[in-house]
Amino acid sequence: MKVSENSCLTLAGLAGHPSPVSDNWWRDAVVYQIYPRSFADGNGDGTGDLIGARQKLPYLAELGVDAIWLSPFYTSPLADGGYDVSDYRDVDPRFGTLGDFDALVEQAHALGIRVIVDIVPNHSSSAHPWFQEALAGKNRDRYIFRDAPNDWESIFGGPAWTQVSDGQWYLHLFDPEQPDLNWENPEVRAEFVDIIRFWLDRGVDGFRIDVAHGMIKADGLPDVGARDGRQVELLGHEPLPYFDQDGVHEIYREWRPILDSYGAIGVAEAWVESPQRLARYIGSDELHQAFNFDFMMAEFDAKSFRGIIDKSLAEADLVGAPTTWVLSNHDRYRHVTRYDSLAKAKAGTLLMLALPGSAYLYNGEELGLDEVLDLPDELREDPAFKRTGESRDGCRVPIPWGTGDLAWTNPWLPQPERWNALTAQAQENDPASTLNFYRAALKLRRGFNGPLHWLNAPDGVLAFKRGDRTVVVNISEQDYPLTGEILLASGPLSTDGSLPPNTAAWTKP
Ligand code: NOJ
């Protein structure tokens, strides 16, 4: 929202928000990711949409989130679930209209919820008018065309180059339907500044920048050379000539004053070699935050969590920015399945929500949803599936709300029978449900303040203090004694009140 021009409206609009309007809301925010296609279906056609998302805002306010991040809802052939945009300034008819978007933003703000939208600047859809022109031989310099391909591979498997009818090749780091834009061309830069302003003027509070490390490619597009196995993977860490090039930072230095003038934030989705490289994306002249994927990639193991927490906090401190934490998103198996149990997933969640910085939740994790691993192949839509056999469809199965108004009719991916026990409706009034656990955790989280201080603990146990709160995560094989008042535990305690394995607790003296 444009604070300077609309300040009265902003203050009134955020009346429902538990904390006063602050420029720093994002530093410890809980941001809830909505994958629009799978979140809530407002018109009963089996595809989630913006009307459905708006209907669920009161549910999200009750859950206690500070912001929502909407994955792409722009006009798109949906070759990659909407990360293939053919019109950056409109809503795909399957998701609604610009009017539906405006209504969503207005109602979110009235409930004190900020709205972050995805922006996809590395590539457009091949259906974008610019690419259609390029295919017709006009203005090819908006994309990366060459007479011969190099050895780069697509993140979705196979070569990153496709030949067009006149013999030239174009670069697509993802699917052939996602041609890479040429960020050396000033017209591309100007276009995205304009797109950013378009959504800022509609009231968004920030952007999640897709493939934020990808727009600039190394000079001369040098070959990567021989490697064992695949050259690149989604969420990979290898240094590559098409990722994390210095030039990409100029783009964010151009965007930052624009974001600042609206009081909006930028969050980088950047898969880079190390927390040091990630820290370069954030700070007062670039973006506000970057996803910390190391935490999401960590094993459910005390040592690996501790190492990543220490490293991430230290690097973020260097640039004076808070770090982010995430356990699940639309690209990765849900953490219930990765950790192999709901109990461990809830313990991981309690760890994440107690850490300094902001936390990103993925729609459905508050219901304890697991990955749907047995979708029939013919229903899978992830473009990577055809090329690599790997698929992200299982974490994109529509959210089970329950019966009546909340039900899906013919959801675009089928929901498994076992989710009948996990619907929001089934969990609503059960004090022991995962949904009520998340609600309690988000409420209590507001009481965490100050830096993290580790406490001595045996192998396999993580224990730290923040202010007067103590956090204990038991990943050992023995019970661990707790002291003080238990504010919240991720599962039942042992009969003597100690913390069983694979359980976490928040306590205070
Ligand atoms: C990262 C997004 O999270 C993922 O879903 C998408 O496939 C790629 N970027 C390409 O846009």
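A polar contact here is a pair of N or O atoms within 3.5 Å; within protein, one must be able to donate a hydrogen and the other to accept it, and residues adjacent in sequence count only if both atoms are side-chain atoms. Everything shown comes from a predicted model, where local features need pLDDT of at least 70 and side-chain atom pairs count only at pLDDT 80 or more, while totals for chains, interfaces and linings use all residues. Residues are numbered from 1 along each chain as its sequence is written, and side-chain values use heavy atoms, without hydrogens and water.

View 1. Look for Asp-210, with a side-chain N or O atom 2.6 Å from a ligand oxygen. His-330 places a polar side-chain atom 2.8 Å from an oxygen of the ligand, and for Arg-392 the distance is 2.9 Å. The protein buries 100% of the 290 Å² that the ligand exposes when taken alone (accessible areas by the Shrake-Rupley method, 1.4 Å probe).

**View 2. The shell around the ligand.** Count 13 residues around the ligand (a heavy atom within 4 Å). Asp-80 and Asp-331 are among the closest. By class, the shell holds four nonpolar, two polar and seven charged residues; Asp, Glu, Lys and Arg count as charged.

**View 3. Helices α7 and α8.** Residues 186-201 form α7 and residues 248-262 form α8; their axes are 11 Å apart, at an angle of about 25°. The two helices are therefore roughly parallel (an angle under 35 degrees).

**View 4. Helices α13 and α16.** Here the axes of α13 (residues 342-354) and α16 (residues 434-445) come within 10 Å and cross at roughly 15°. This pair, too, is therefore roughly parallel.

Definitions and conventions:
Axes fitted to C-alpha atoms, helices over the stretch in contact; angles between N-to-C directions. Helix = DSSP H or I, 4+ residues; strand = E, 2+ residues; numbered from the N terminus. Parallel < 35°, antiparallel > 145°, perpendicular 65-115°, else oblique.
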